[in-house]
Amino acid sequence: MEKYVLKCLGCGSQFPDHYTVNCPMEGCNSLIRAYYRSRQLDIKALPGIFRFIDWLPVERPLPVDAGPVTYRSEAFAREFGLNNLYVTFSGYWPERDACIRTGSFKELEALPTVQRFREKGSGVLQVSSAGNTGRAFAQVSALTGIPVIVVVPEASAERIWTTERAEHVCLIAVNGDYTDAIEFGNRICTLPGVAAEGGVKNVARRDGMGTVLLDGALAAGRLPAYYFQAVGSGTGGIAAWEAAERLIGDGRFGTARPELHLSQNIPFIPMVLAWREGRDTILPRDMPDARAAVSAVYSDVLTNRNPPYSVKGGVYDALSATRGMMYAVTNDEARSAERAFVDLEGIDLDPAASVCIASLLQAVEAGGIDPAETVLLNVTGGGYERIREDHTIHAIPPYLRVGASTPLDAVRCEIEGWVKAHA
Ligand SMILES: *Cc1c(COP(=O)(O)O)cnc(C)c1O
Ligand SMILES: [Zn+2]
(Lines give C-alpha, C1' and ligand atoms only; values in the text may rest on other atoms or scores of the structure.)
(Ligands and ions follow the chains in the order given, each with its own letter.)
Protein backbone atom coordinates (compact mmCIF):
# COMPACT_ATOMS: atom_id res chain seq x y z
CA MET A 1 0.00 0.00 0.00
CA GLU A 2 1.22 3.49 -0.87
CA LYS A 3 2.29 5.78 1.94
CA TYR A 4 0.23 8.56 0.34
CA VAL A 5 -1.79 9.39 -2.73
CA LEU A 6 -2.22 12.66 -4.55
CA LYS A 7 -5.67 14.10 -5.03
CA CYS A 8 -6.82 17.08 -7.08
CA LEU A 9 -8.80 19.65 -5.10
CA GLY A 10 -10.70 20.70 -8.21
CA CYS A 11 -11.89 17.57 -10.01
CA GLY A 12 -11.30 15.10 -7.19
CA SER A 13 -9.25 12.67 -9.26
CA GLN A 14 -6.71 10.61 -7.35
CA PHE A 15 -3.36 9.34 -8.63
CA PRO A 16 0.03 7.97 -7.52
CA ASP A 17 3.05 10.26 -7.28
CA HIS A 18 5.57 10.43 -10.12
CA TYR A 19 6.83 13.78 -8.88
CA THR A 20 3.49 14.99 -10.20
CA VAL A 21 2.89 18.74 -9.83
CA ASN A 22 -0.19 19.19 -12.04
CA CYS A 23 -3.53 17.42 -12.08
CA PRO A 24 -3.35 14.94 -14.98
CA MET A 25 -6.92 15.79 -16.10
CA GLU A 26 -6.85 17.88 -19.27
CA GLY A 27 -7.50 21.55 -18.55
CA CYS A 28 -7.68 21.18 -14.76
CA ASN A 29 -5.65 23.84 -13.02
CA SER A 30 -6.27 23.20 -9.29
CA LEU A 31 -3.68 22.49 -6.65
CA ILE A 32 -3.18 18.83 -5.83
CA ARG A 33 -2.74 17.67 -2.26
CA ALA A 34 -1.05 14.69 -0.60
CA TYR A 35 -3.25 12.40 1.52
CA TYR A 36 -1.25 10.28 3.93
CA ARG A 37 -2.17 6.81 5.11
CA SER A 38 -1.20 7.68 8.72
CA ARG A 39 -4.07 9.68 10.15
CA GLN A 40 -2.19 10.27 13.40
CA LEU A 41 1.15 12.00 13.50
CA ASP A 42 3.76 9.60 14.84
CA ILE A 43 6.98 11.48 15.61
CA LYS A 44 10.00 9.51 14.43
CA ALA A 45 13.48 9.50 15.97
CA LEU A 46 14.98 11.13 12.87
CA PRO A 47 16.94 14.36 12.44
CA GLY A 48 15.34 17.77 11.87
CA ILE A 49 12.29 17.96 9.68
CA PHE A 50 12.31 14.21 9.06
CA ARG A 51 10.80 13.52 12.46
CA PHE A 52 7.61 14.48 10.65
CA ILE A 53 8.28 12.00 7.82
CA ASP A 54 4.82 10.42 8.24
CA TRP A 55 3.39 13.56 6.68
CA LEU A 56 6.10 14.27 4.11
CA PRO A 57 5.87 12.91 0.53
CA VAL A 58 9.14 10.95 0.74
CA GLU A 59 9.91 7.31 1.50
CA ARG A 60 13.29 7.82 3.19
CA PRO A 61 14.85 10.61 5.27
CA LEU A 62 17.97 12.63 4.51
CA PRO A 63 20.69 12.75 7.18
CA VAL A 64 20.28 16.50 7.71
CA ASP A 65 19.41 18.07 11.06
CA ALA A 66 17.67 21.22 9.76
CA GLY A 67 14.15 21.68 11.06
CA PRO A 68 11.76 24.13 12.73
CA VAL A 69 12.19 24.74 16.46
CA THR A 70 9.41 26.05 18.72
CA TYR A 71 9.76 27.75 22.09
CA ARG A 72 7.44 29.69 24.33
CA SER A 73 8.36 33.36 24.32
CA GLU A 74 8.86 35.04 27.69
CA ALA A 75 10.39 38.50 27.38
CA PHE A 76 8.76 39.55 24.12
CA ALA A 77 5.41 38.02 25.09
CA ARG A 78 5.42 39.82 28.44
CA GLU A 79 6.32 43.15 26.87
CA PHE A 80 3.31 42.97 24.55
CA GLY A 81 0.84 41.30 26.93
CA LEU A 82 0.60 37.94 25.18
CA ASN A 83 0.04 34.98 27.50
CA ASN A 84 0.63 32.10 25.10
CA LEU A 85 3.03 33.19 22.42
CA TYR A 86 4.88 30.35 20.73
CA VAL A 87 7.70 31.23 18.37
CA THR A 88 8.54 28.72 15.67
CA PHE A 89 12.01 29.66 14.55
CA SER A 90 13.38 28.41 11.23
CA GLY A 91 16.95 29.61 11.08
CA TYR A 92 20.24 29.24 12.89
CA TRP A 93 20.30 29.51 16.68
CA PRO A 94 22.45 26.78 18.23
CA GLU A 95 21.39 27.56 21.81
CA ARG A 96 17.87 26.56 20.84
CA ASP A 97 18.98 23.64 18.64
CA ALA A 98 17.89 25.51 15.51
CA CYS A 99 20.33 24.48 12.79
CA ILE A 100 19.10 25.70 9.45
CA ARG A 101 22.46 26.84 8.16
CA THR A 102 21.12 28.91 5.27
CA GLY A 103 18.96 30.82 7.75
CA SER A 104 15.41 30.50 6.42
CA PHE A 105 12.43 28.15 6.30
CA LYS A 106 13.06 27.64 2.59
CA GLU A 107 15.28 24.74 3.67
CA LEU A 108 12.11 23.08 5.02
CA GLU A 109 10.88 23.12 1.42
CA ALA A 110 14.16 22.16 -0.22
CA LEU A 111 14.87 19.05 1.87
CA PRO A 112 11.70 17.04 1.11
CA THR A 113 11.60 18.39 -2.46
CA VAL A 114 15.09 17.15 -3.31
CA GLN A 115 14.40 13.81 -1.67
CA ARG A 116 11.04 13.43 -3.41
CA PHE A 117 12.68 14.30 -6.73
CA ARG A 118 15.40 11.71 -6.13
CA GLU A 119 12.78 9.05 -5.37
CA LYS A 120 10.09 9.89 -7.92
CA GLY A 121 11.46 12.31 -10.52
CA SER A 122 14.06 12.32 -13.29
CA GLY A 123 16.45 14.81 -14.84
CA VAL A 124 17.90 17.90 -13.18
CA LEU A 125 15.82 20.02 -10.82
CA GLN A 126 15.34 23.70 -11.68
CA VAL A 127 14.30 26.30 -9.10
CA SER A 128 13.73 30.06 -9.38
CA SER A 129 14.30 32.27 -6.38
CA ALA A 130 14.63 35.75 -4.93
CA GLY A 131 17.52 34.41 -2.86
CA ASN A 132 16.41 32.33 0.12
CA THR A 133 14.98 29.44 -1.89
CA GLY A 134 18.01 29.27 -4.15
CA ARG A 135 20.38 29.26 -1.18
CA ALA A 136 18.35 26.52 0.50
CA PHE A 137 18.37 24.29 -2.60
CA ALA A 138 22.08 24.98 -3.15
CA GLN A 139 22.75 23.88 0.43
CA VAL A 140 20.76 20.66 0.03
CA SER A 141 22.63 20.05 -3.23
CA ALA A 142 25.92 20.58 -1.40
CA LEU A 143 24.88 18.11 1.32
CA THR A 144 23.50 15.41 -1.00
CA GLY A 145 25.34 15.87 -4.32
CA ILE A 146 22.03 16.27 -6.18
CA PRO A 147 22.46 18.75 -9.06
CA VAL A 148 20.23 21.85 -9.22
CA ILE A 149 19.83 24.77 -11.58
CA VAL A 150 19.08 27.95 -9.63
CA VAL A 151 17.79 31.07 -11.41
CA VAL A 152 17.85 34.36 -9.49
CA PRO A 153 17.61 38.08 -10.20
CA GLU A 154 21.09 39.56 -10.65
CA ALA A 155 20.83 41.53 -7.41
CA SER A 156 20.21 38.31 -5.44
CA ALA A 157 23.16 36.35 -6.85
CA GLU A 158 25.34 37.22 -3.87
CA ARG A 159 22.75 35.63 -1.57
CA ILE A 160 23.43 32.20 -3.06
CA TRP A 161 26.00 30.64 -0.77
CA THR A 162 26.30 27.43 1.20
CA THR A 163 28.10 26.27 4.34
CA GLU A 164 29.50 23.21 2.55
CA ARG A 165 31.22 23.33 -0.83
CA ALA A 166 28.62 23.01 -3.61
CA GLU A 167 29.94 21.31 -6.75
CA HIS A 168 26.65 20.67 -8.53
CA VAL A 169 24.86 24.02 -8.56
CA CYS A 170 24.30 25.86 -11.85
CA LEU A 171 23.56 29.47 -10.87
CA ILE A 172 22.00 31.71 -13.50
CA ALA A 173 21.67 35.45 -12.78
CA VAL A 174 18.91 37.33 -14.64
CA ASN A 175 19.08 41.07 -15.16
CA GLY A 176 15.57 41.79 -13.77
CA ASP A 177 13.42 41.14 -10.73
CA TYR A 178 12.13 37.98 -9.06
CA THR A 179 9.29 37.54 -11.54
CA ASP A 180 11.74 37.87 -14.46
CA ALA A 181 13.82 35.11 -12.87
CA ILE A 182 10.73 32.89 -12.58
CA GLU A 183 9.94 33.47 -16.25
CA PHE A 184 13.47 32.71 -17.40
CA GLY A 185 13.46 29.59 -15.22
CA ASN A 186 10.25 28.43 -16.90
CA ARG A 187 11.94 28.75 -20.29
CA ILE A 188 14.90 26.66 -19.16
CA CYS A 189 12.51 23.90 -18.13
CA THR A 190 11.58 23.38 -21.78
CA LEU A 191 15.10 21.99 -22.36
CA PRO A 192 15.39 18.19 -22.31
CA GLY A 193 16.49 16.80 -18.96
CA VAL A 194 15.48 19.89 -16.95
CA ALA A 195 12.54 19.46 -14.56
CA ALA A 196 10.55 22.27 -12.94
CA GLU A 197 10.57 22.00 -9.17
CA GLY A 198 6.91 23.14 -9.15
CA GLY A 199 6.71 25.97 -6.59
CA VAL A 200 3.36 26.05 -4.80
CA LYS A 201 2.16 23.10 -6.90
CA ASN A 202 4.85 20.89 -5.38
CA VAL A 203 3.35 19.03 -2.42
CA ALA A 204 6.81 18.47 -0.94
CA ARG A 205 7.31 22.22 -0.65
CA ARG A 206 3.96 22.75 1.03
CA ASP A 207 4.20 19.78 3.37
CA GLY A 208 7.78 20.75 4.24
CA MET A 209 6.61 24.24 5.23
CA GLY A 210 3.63 22.70 7.00
CA THR A 211 6.02 21.20 9.57
CA VAL A 212 6.15 24.67 11.15
CA LEU A 213 2.55 24.29 12.26
CA LEU A 214 3.13 20.65 13.26
CA ASP A 215 6.10 21.63 15.40
CA GLY A 216 4.22 24.57 16.94
CA ALA A 217 1.15 22.46 17.76
CA LEU A 218 3.31 19.76 19.34
CA ALA A 219 5.10 22.32 21.50
CA ALA A 220 1.88 24.03 22.56
CA GLY A 221 0.02 20.72 22.98
CA ARG A 222 -2.80 22.00 20.77
CA LEU A 223 -3.56 23.81 17.56
CA PRO A 224 -2.89 27.54 17.98
CA ALA A 225 -5.80 29.95 17.67
CA TYR A 226 -3.74 32.23 15.42
CA TYR A 227 -0.95 31.64 12.92
CA PHE A 228 1.15 34.68 11.90
CA GLN A 229 3.37 34.70 8.80
CA ALA A 230 4.70 37.19 6.26
CA VAL A 231 3.91 36.08 2.71
CA GLY A 232 5.16 36.68 -0.81
CA SER A 233 3.58 33.74 -2.59
CA GLY A 234 1.50 32.66 0.40
CA THR A 235 2.64 29.06 0.02
CA GLY A 236 3.45 28.93 3.73
CA GLY A 237 -0.07 30.06 4.58
CA ILE A 238 -1.60 27.39 2.37
CA ALA A 239 0.75 24.86 3.94
CA ALA A 240 -0.28 25.88 7.47
CA TRP A 241 -3.96 25.45 6.57
CA GLU A 242 -3.30 22.00 5.09
CA ALA A 243 -1.25 20.94 8.11
CA ALA A 244 -4.06 22.18 10.38
CA GLU A 245 -6.57 20.00 8.50
CA ARG A 246 -4.33 16.98 9.09
CA LEU A 247 -3.94 17.79 12.79
CA ILE A 248 -7.71 18.14 13.16
CA GLY A 249 -8.01 14.73 11.50
CA ASP A 250 -5.47 13.38 13.99
CA GLY A 251 -7.92 14.24 16.77
CA ARG A 252 -5.47 15.07 19.56
CA PHE A 253 -4.88 18.77 18.88
CA GLY A 254 -8.35 20.32 18.88
CA THR A 255 -10.96 20.91 16.23
CA ALA A 256 -10.70 24.64 15.46
CA ARG A 257 -8.67 25.77 12.45
CA PRO A 258 -6.04 28.37 13.34
CA GLU A 259 -6.88 31.74 11.82
CA LEU A 260 -4.28 32.70 9.23
CA HIS A 261 -2.87 36.18 9.90
CA LEU A 262 -0.73 36.91 6.85
CA SER A 263 1.28 40.04 6.13
CA GLN A 264 2.94 41.90 3.28
CA ASN A 265 5.34 44.81 3.14
CA ILE A 266 4.12 48.25 1.97
CA PRO A 267 4.27 49.40 -0.83
CA PHE A 268 4.00 45.92 -2.38
CA ILE A 269 0.76 44.45 -0.95
CA PRO A 270 -1.36 42.91 -3.76
CA MET A 271 -2.88 40.14 -1.65
CA VAL A 272 -3.76 42.55 1.17
CA LEU A 273 -5.66 44.80 -1.23
CA ALA A 274 -7.52 41.95 -2.93
CA TRP A 275 -8.45 40.32 0.38
CA ARG A 276 -9.62 43.57 1.95
CA GLU A 277 -12.04 44.08 -0.93
CA GLY A 278 -13.27 40.52 -0.63
CA ARG A 279 -11.96 39.63 -4.09
CA ASP A 280 -10.71 36.20 -5.08
CA THR A 281 -8.56 37.65 -7.86
CA ILE A 282 -5.67 40.08 -7.95
CA LEU A 283 -6.17 43.00 -10.33
CA PRO A 284 -3.52 45.18 -11.99
CA ARG A 285 -4.56 48.04 -9.69
CA ASP A 286 -3.39 45.97 -6.68
CA MET A 287 0.16 46.34 -8.02
CA PRO A 288 0.47 49.85 -9.45
CA ASP A 289 4.04 50.55 -10.51
CA ALA A 290 5.08 47.07 -9.39
CA ARG A 291 8.78 47.37 -10.22
CA ALA A 292 9.20 50.54 -8.18
CA ALA A 293 7.20 49.02 -5.31
CA VAL A 294 9.31 45.86 -5.34
CA SER A 295 12.49 47.89 -5.05
CA ALA A 296 11.13 49.98 -2.14
CA VAL A 297 10.27 47.23 0.38
CA TYR A 298 12.38 46.18 3.38
CA SER A 299 11.77 42.48 2.59
CA ASP A 300 12.01 41.68 -1.10
CA VAL A 301 11.34 37.94 -0.60
CA LEU A 302 7.72 39.08 -0.14
CA THR A 303 7.39 40.48 -3.65
CA ASN A 304 5.94 37.75 -5.87
CA ARG A 305 3.93 39.44 -8.63
CA ASN A 306 2.05 36.26 -9.50
CA PRO A 307 1.10 34.57 -6.20
CA PRO A 308 -1.22 31.50 -6.08
CA TYR A 309 -4.03 33.58 -4.66
CA SER A 310 -7.00 32.62 -6.87
CA VAL A 311 -6.15 29.02 -7.69
CA LYS A 312 -8.40 26.37 -6.14
CA GLY A 313 -6.81 25.44 -2.81
CA GLY A 314 -4.71 28.62 -2.83
CA VAL A 315 -4.35 31.66 -0.57
CA TYR A 316 -7.90 32.97 -0.99
CA ASP A 317 -9.35 29.58 -0.09
CA ALA A 318 -6.96 29.24 2.86
CA LEU A 319 -7.92 32.67 4.24
CA SER A 320 -11.62 31.96 3.70
CA ALA A 321 -11.54 28.53 5.35
CA THR A 322 -9.73 29.87 8.42
CA ARG A 323 -11.47 33.27 8.69
CA GLY A 324 -8.08 34.82 8.17
CA MET A 325 -6.76 38.36 7.97
CA MET A 326 -4.15 40.25 5.97
CA TYR A 327 -1.88 43.02 7.24
CA ALA A 328 0.08 45.74 5.48
CA VAL A 329 3.32 46.63 7.26
CA THR A 330 5.53 49.66 6.58
CA ASN A 331 9.32 49.44 6.48
CA ASP A 332 9.49 51.53 9.66
CA GLU A 333 7.08 49.25 11.50
CA ALA A 334 9.11 46.23 10.42
CA ARG A 335 12.39 47.78 11.58
CA SER A 336 11.00 48.82 14.94
CA ALA A 337 9.37 45.41 15.57
CA GLU A 338 12.71 43.87 14.65
CA ARG A 339 14.56 45.99 17.21
CA ALA A 340 12.11 44.96 19.94
CA PHE A 341 12.40 41.28 19.09
CA VAL A 342 16.19 41.32 18.80
CA ASP A 343 16.52 43.12 22.14
CA LEU A 344 14.09 40.87 24.00
CA GLU A 345 14.72 37.46 22.40
CA GLY A 346 18.34 37.82 21.36
CA ILE A 347 18.62 36.66 17.75
CA ASP A 348 18.89 38.57 14.48
CA LEU A 349 16.07 38.25 11.95
CA ASP A 350 15.38 37.92 8.28
CA PRO A 351 13.52 41.10 7.18
CA ALA A 352 10.47 38.97 6.29
CA ALA A 353 10.27 37.75 9.88
CA SER A 354 10.40 41.37 11.04
CA VAL A 355 7.39 42.15 8.84
CA CYS A 356 5.53 39.27 10.46
CA ILE A 357 6.38 40.42 13.98
CA ALA A 358 5.19 43.93 13.11
CA SER A 359 1.86 42.45 11.97
CA LEU A 360 1.49 40.72 15.34
CA LEU A 361 2.07 44.06 17.07
CA GLN A 362 -0.58 45.65 14.83
CA ALA A 363 -3.03 42.91 15.82
CA VAL A 364 -2.29 43.40 19.52
CA GLU A 365 -2.64 47.17 19.23
CA ALA A 366 -5.93 46.96 17.33
CA GLY A 367 -7.37 44.42 19.77
CA GLY A 368 -7.79 42.07 16.82
CA ILE A 369 -6.69 38.98 18.73
CA ASP A 370 -7.43 37.58 22.17
CA PRO A 371 -4.09 37.88 24.04
CA ALA A 372 -4.94 34.89 26.24
CA GLU A 373 -5.18 32.54 23.25
CA THR A 374 -2.34 30.54 21.73
CA VAL A 375 -0.46 32.48 19.08
CA LEU A 376 2.00 30.81 16.71
CA LEU A 377 4.51 33.29 15.34
CA ASN A 378 6.30 31.87 12.32
CA VAL A 379 9.76 33.44 12.42
CA THR A 380 10.66 32.34 8.92
CA GLY A 381 14.34 33.25 9.03
CA GLY A 382 17.15 34.51 11.20
CA GLY A 383 20.48 33.86 12.84
CA TYR A 384 22.56 35.03 9.87
CA GLU A 385 25.13 36.70 12.12
CA ARG A 386 25.66 33.44 14.00
CA ILE A 387 25.96 31.47 10.77
CA ARG A 388 28.84 33.72 9.70
CA GLU A 389 30.53 33.31 13.08
CA ASP A 390 30.25 29.50 13.15
CA HIS A 391 30.57 28.47 9.50
CA THR A 392 32.61 29.03 6.37
CA ILE A 393 30.53 30.72 3.71
CA HIS A 394 31.08 29.32 0.22
CA ALA A 395 29.93 31.84 -2.36
CA ILE A 396 28.60 30.38 -5.61
CA PRO A 397 29.67 32.32 -8.69
CA PRO A 398 27.08 32.57 -11.50
CA TYR A 399 27.62 30.09 -14.32
CA LEU A 400 25.69 32.41 -16.66
CA ARG A 401 24.43 36.00 -16.64
CA VAL A 402 21.47 36.74 -18.91
CA GLY A 403 19.00 39.52 -19.68
CA ALA A 404 15.31 39.12 -18.83
CA SER A 405 14.53 38.70 -22.52
CA THR A 406 17.63 36.77 -23.60
CA PRO A 407 16.34 34.05 -25.96
CA LEU A 408 16.83 30.52 -24.79
CA ASP A 409 18.75 29.72 -27.97
CA ALA A 410 21.53 32.06 -26.89
CA VAL A 411 22.28 29.90 -23.84
CA ARG A 412 20.93 26.50 -24.90
CA CYS A 413 24.36 24.95 -25.50
CA GLU A 414 25.84 26.09 -22.20
CA ILE A 415 22.90 24.81 -20.18
CA GLU A 416 22.60 21.51 -22.04
CA GLY A 417 26.34 21.03 -21.59
CA TRP A 418 26.04 21.60 -17.85
CA VAL A 419 23.08 19.21 -17.59
CA LYS A 420 24.99 16.49 -19.50
CA ALA A 421 27.98 16.88 -17.25
CA HIS A 422 25.97 16.73 -14.01
CA ALA A 423 22.90 14.55 -14.62
C1 LIG B 1 9.92 33.03 1.10
C2 LIG B 1 9.90 33.63 2.45
C3 LIG B 1 8.71 34.06 3.04
C4 LIG B 1 7.37 34.02 2.32
O5 LIG B 1 6.98 32.70 2.13
P6 LIG B 1 5.70 32.29 1.29
O7 LIG B 1 4.87 31.48 2.24
O8 LIG B 1 6.23 31.45 0.17
O9 LIG B 1 5.00 33.48 0.81
C10 LIG B 1 8.76 34.54 4.32
N11 LIG B 1 9.91 34.60 5.01
C12 LIG B 1 11.09 34.21 4.48
C13 LIG B 1 12.34 34.33 5.29
C14 LIG B 1 11.12 33.69 3.18
O15 LIG B 1 12.30 33.32 2.67
ZN1 LIG C 1 -8.09 18.08 -11.38
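Which helix does R386 lie in? A few notes to get you started.

1. First, some ground rules. This is a predicted model, where local features need pLDDT of at least 70, side-chain atom pairs count only at pLDDT 80 or more, and totals for chains, interfaces and linings use all residues. Residues are numbered from 1 along each chain as its sequence is written, chains are lettered from A and ligands numbered from 1 in the order in which they are written, and side-chain values use heavy atoms, with hydrogens and water left out.

2. Back to the opening question: R386 sits in helix 12, residues 384-390. Helices here are DSSP runs of H or I with at least four residues, strands are runs of E with at least two, and both are numbered from the N terminus. Leaving aside residues up to four places away in sequence, R386 touches Y92, P94, E95, I347 and D348; contact means heavy atoms within 4.5 Å. With E95 there is also a side-chain to side-chain polar contact at 2.9 Å. (A polar contact is a pair of N or O atoms within 3.5 Å; within protein, one must be able to donate a hydrogen and the other to accept it, and residues adjacent in sequence count only if both atoms are side-chain atoms.)

3. Now the domains. Domain 1 is 69-102 + 205-386 and domain 2 is 124-192 + 393-422; such bounds come from an automatic or database domain assignment. Taken over C-alpha atoms, their centres are 28 Å apart. Domain 1 puts 11 residues into the contact and domain 2 puts in 15 residues.

4. What about the area buried between domain 1 and domain 2? That comes to about 1200 Å², with 46% from carbon and sulfur atoms. Buried area is the accessible area (1.4 Å probe) that two parts lose on being put together, summed over both.

5. Between domain 1 and domain 2 there are 4 salt bridges, a salt bridge being a side-chain nitrogen of Lys or Arg within 4 Å of a carboxyl oxygen of Asp or Glu. The two domains also share 7 residue pairs in polar contact, both residues at pLDDT 80 or more. The side of domain 1 that touches domain 2 has 2 nonpolar, 3 polar and 6 charged residues. (Ala, Val, Leu, Ile, Met, Phe, Trp, Tyr, Cys and Pro count as nonpolar, Asp, Glu, Lys and Arg as charged, and the others, Gly among them, as polar.)

6. Searching the whole structure turns up 27 salt bridges. One to look at is E59 with K120, at 3.0 Å from N to O. This pair links distant parts of the chain, 61 residues apart: E59 is in the loop between strand 3 and strand 4 (69-72), while K120 is in helix 2 (residues 106-120). R159 and D300 form a salt bridge too, with the closest N and O atoms 2.8 Å apart.

7. There's an open sheet of 3 strands, ordered 2-1-3 with antiparallel pairing; two strands pair if DSSP finds at least two bridges between them. Its edge strands are strand 2 (14-15) and strand 3 (32-36). Strand 1 (residues 4-8) runs antiparallel to strand 3 over 5 bridges, and V5 has Y35 in strand 3 as its bridge partner.

8. Two backbone details to check. I266 and P267 are joined by a cis peptide bond, with omega about 15°, and P267 is in the loop between strand 14 (259-265) and helix 7 (270-276). D97 isn't a glycine, yet has a positive phi of about 60°; look for D97 in the loop between strand 6 (92-93) and strand 7 (98-99).
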